Amino acid sequence: AISRQIVGGEKLALSDAGGHVGHFTVSYALRDDSSPTSGEWDPDVTAANAKAAAQDPTTIAYLGDFNSGATAISLPLTNAAGILQVSPASPYVGLTSSLDAGQGEPERFYLGGKRTFGRVAPGDPVQAAAQVALLRRLGVHRVYVLADQDPFDAPLAQIVAGDAERVGIEVKGEDTITILPGSSFTGEVAKIVESGAQAVFVSATATSEAAQLTRQLHAAVPRVSLLASSTMLNTVFTSNLGAAESTTFVGSPVLAAHLYPASAQRVLARYGHRFTASPEPYVLYGYEAMSVVLAAIRAAGDSGDDRQVVIDKFLATHDRRSVLGVYSMQPSGETTLSSYAIDRVAKGMPVFWRAFNAPR
């Protein structure tokens, strides 16, 4: 459902541009990276999509992917072909920085030796700052940090732990745990209770098992605040929390609609008319991913079909007024946008609570 909104935003932005930039005609080729059986993104399909884009001489940009794990597969392929890749999401820190990232990152994604990737949504460091700001607002002095074994989840937990310590919040423990069907969380819950932590931050995939862990924590220590990463912002997780809803906070890269500029309100209204669907702010991230690429082509002038020139113009984006707000692109491919949302959970659904601004 989120991807459909993003895709709709991309289509709307291209339509608003009339399908042209200068004397160049720009077309949009939609490629779904999901498995027809599971509905989740599929590594083989993702690789096939990126290869098709890389082998097409008319490709000027690749918009995607939504998931960081998918981008980690597609990016080396588009980079080797010298194609600009702009993601509306993919927050994993290792795509742009070595901060708490995996071994050889981000260099292993840039086999061509040059940066070709950027994202229009804030990455892991901004989310970590928001989660720590939340800890401070809640008056937490002692936190326990957990991550599952997904390599794209663990670095966020490490950044949160480091940021928390820097502002004087004591990290009572850091663990990587298995969150799979049949997993037992009794021992981990006992360690958290014994630690005296006032809050637990969890970076994991949204599963019913992650919700089970949260329920067990709440049952053992009802007053402990439970902070979940944005990767858990899914009803598979939120609809299974039960009584733990009351103490659960979930990170979200998407703010409440009224916090975006007036131009964003107009885009959301047009989206609703064109697609006869209720628009969510995810539309804006698709709209801006397409719009900033079109702006880079426009800035390239007669060289708008030159891949390297378009990459250079994109990375030179400065003080751009967009539907997401005013931002610049850093040389790493990171946006300067620094607002991040925290949602509460009500009747199984995430509901925007408030936004935090990360230091820039």
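A polar contact is a pair of N or O atoms within 3.5 Å; within protein, one of the two must be able to donate a hydrogen and the other to accept it. In this predicted model, such a contact joins the side chain of Arg119 to the side chain of Thr96, at 3.0 Å. The side chain of Arg119 also reaches the backbone oxygen of Tyr92, at 3.1 Å. Arg119 belongs to strand S5 and, with a relative accessibility of 0%, counts as buried. Residues up to four places away in sequence being set aside, Arg119 touches Ser87, Ala89, Ser90, Pro91, Tyr92, Val93, Leu95, Thr96, Met329, Gly333, Glu334 and Thr335.

Tyr92, one of the residues touched by Arg119, is itself buried, at 2% relative accessibility. A pair of aromatic rings is described by the distance of the centres and the angle of the planes. Four aromatic pairs are counted in the model. One of them is formed by Tyr92 and Phe152, with 4.8 Å from centre to centre and 85° between the planes, an edge-to-face arrangement. Tyr92 lies in the loop between strand S4 (84-87) and strand S5 (117-119), and Phe152 in the loop between S6 and H5, so the pair ties together parts that are 60 residues apart in sequence. Phe152 is partly exposed, its relative accessible area being 21%.

The rings of Tyr271 and Phe275 also pair; their centres are 4.7 Å apart and their planes stand at 35°, so this pair is tilted. Both residues are in helix H9 (residues 262-275), where they are four residues apart and thus separated by about one helical turn. Tyr271 is buried, with a relative accessible area of 4%, whereas Phe275 is partly exposed at 25%.

Charged groups were also located over aromatic rings. Arg115 lies over the face of Tyr110, 4.8 Å from the ring centre. The charged end of Arg344 is placed over the ring of Trp353, at 6.0 Å from its centre.

Helix H5 (residues 154-166) contains 13 residues and spans 19 Å from its first C-alpha to its last, close to the 18 Å expected at 1.5 Å a residue. Ten of these 13 residues are buried, so H5 is largely enclosed by the rest of the structure. The buried residues are Ala154, Pro155, Leu156, Ala157, Ile159, Val160, Ala161, Gly162, Asp163 and Ala164. Their cover includes helix H4 (124-137) together with strand S6 (142-147), strand S7 (170-176) and strand S8 (199-203). Just after H5, Gly168 adopts a positive phi of about 90°.

The largest nonpolar core comprises 69 residues, and Val200 and Phe237 have the most contacts inside it. Helix H10 (residues 282-299) makes the greatest contribution to this core, with twelve residues. Another core lies apart from it and has 36 residues, among them Leu135, Ala154, Ala157 and Ile342. Ala154 and Ala157 are also among the buried residues of H5. Within the model, Phe237 is in contact with Ala206, Thr207, Ala210, Ala211, Thr214, Ala228, Met232, Thr248 and Val250, neighbours within four places in sequence being left aside.

Note on methods:
Residues numbered from 1 in each chain as written. Predicted model: local features only at pLDDT ≥ 70, side-chain atom pairs only at ≥ 80, totals over all residues. Heavy atoms only, no water. Core = buried A, V, L, I, M, F, W, Y, C linked by side-chain atoms within 4.5 Å. Buried < 20%, exposed > 50% of the residue type's maximum accessible area, 1.4 Å probe, protein only. Helix = DSSP H or I, 4+ residues; strand = E, 2+ residues; numbered from the N terminus. Contact = heavy atoms within 4.5 Å. Expected span 1.5 Å × (residues − 1). Phe/Tyr/Trp six-rings, centres within 6.5 Å; stacked < 30°, edge-to-face > 60°. Lys NZ or Arg CZ within 6 Å of the ring centre and 35° of its normal.
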